[in-house]
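Please read the points below alongside the sequence and the coordinates.

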Amino acid sequence: MSLRIGDAAPNFKAETSIGNIDFYDFLGDSWGVLFSHPADYTPVCTTELGRTASLKGEFEKRNVKVLALSVDSAESHKGWIKDINETQNTNVEFPIIADEDKKIADLYDMIHPNASETLTVRSLFIISPDKKVKLMLTYPASTGRNFNEVLRVIDSLQLTANYSVATPADWEDGEDVVVMNSIKTEDIPARFPKGHKVIKPYLRTTPQPNK
């Protein structure tokens with residue numbers, strides 16, 4: 001049974017580049033980003049892990065912990081990290097999970113037979129502090145992930161978790177948001193005192209409430 005948005009993220013214990021972890025214990029009360037890679041020493045993923053490491057401060061200020069996964073060993077990961085740090089001018093400190101038996105890849109449905117019988121496709125999961133899957137993205141091996149988009153989605157998820165709003169197309173942190181249709185128009189001023197616009201009865205916008 002494949003995972004869907006809203007499902008509980010399966011817990012697991014694993015060996016990683018920084019030692020053994022329990023996934024839930026590692027996350028604690030943080031948000032999580034879990035993303036997979038087909039194998040160590042792959043070119044696109046080398047750039048992705050370097051980019052993730054360079055965004056350490058951005059993830060930290062959003063209370064997000066990052067974990068990568070590859071089907072190679074923890075020792076192999078450590079050698080790869082040296083290459084990543086050298087070529088991407090960064091310092092990878094987050095764990096890379098060793099999944100040689102592919103148990104975690106199977107648990108998260110990361111192996112797609114139409115793409116490969118053995119290699120994990122490049123999947124990314126955003127997981128909330130209550131351990132629910134909030135977003136799933138899958139990329140082909142040829143296309144590097146956009147980590148600005150990952151941060152944008154985290155901003156949206158954290159905002160909409162606390163306010164009755166949604167974020168429109170191409171929304172960026174600080175821009176106007178959409179008031180949920182569960183809020184009556186006459187109730188908007190009390191809920192969103194910064195003001196609002198009624199574009200259509202079903203499309204009402206308001207300045208981002210947590211700014």
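1. In which loop is Asp170 found? Asp170 is found in the loop between β8 (165-166) and β9 (177-179), where helices (H or I, at least four residues) and strands (E, at least two) are DSSP runs numbered from the N terminus. Although Asp170 is not a glycine, its phi is positive, at about 65°. With a relative accessible area of 66%, Asp170 is exposed, the classes being buried under 20%, exposed over 50% and partly exposed in between, for a 1.4 Å probe and protein chains only.

2. On the basis of the values, this is a predicted model, in which local features need pLDDT of at least 70 and side-chain atom pairs count only at pLDDT 80 or more, while totals for chains, interfaces and linings use all residues. Residues are numbered from 1 along each chain as its sequence is written, and side-chain values use heavy atoms, with hydrogens and water left out.

3. Lys102 also has a positive phi, near 60°, in a residue other than glycine. Lys102 lies in the loop between β5 (96-98) and α5 (103-107), and its relative accessibility of 24% makes it partly exposed. For background, most residues other than glycine have a negative phi.

4. The axes of α2 and α4 (lines fitted to C-alpha atoms over the stretch in contact, with angles from 0 to 180 degrees between N-to-C directions) come within 9 Å and cross at roughly 75°. The two helices are therefore roughly perpendicular, a label that covers 65 to 115 degrees. Their contact, meaning heavy atoms within 4.5 Å, is made by Cys45, Thr46, Thr47, Leu49 and Gly50 of α2 and by Trp80, Ile84, Thr87 and Gln88 of α4. Among the buried residues of α2 are Cys45, Thr46, Leu49 and Gly50.

5. The protein is divided into domain 1 (7-145) and domain 2 (163-206), with bounds from an automatic or database domain assignment. Taken over C-alpha atoms, the centres of domain 1 and domain 2 are separated by 35 Å.

Notes. Parallel < 35°, antiparallel > 145°, perpendicular 65-115°, else oblique.
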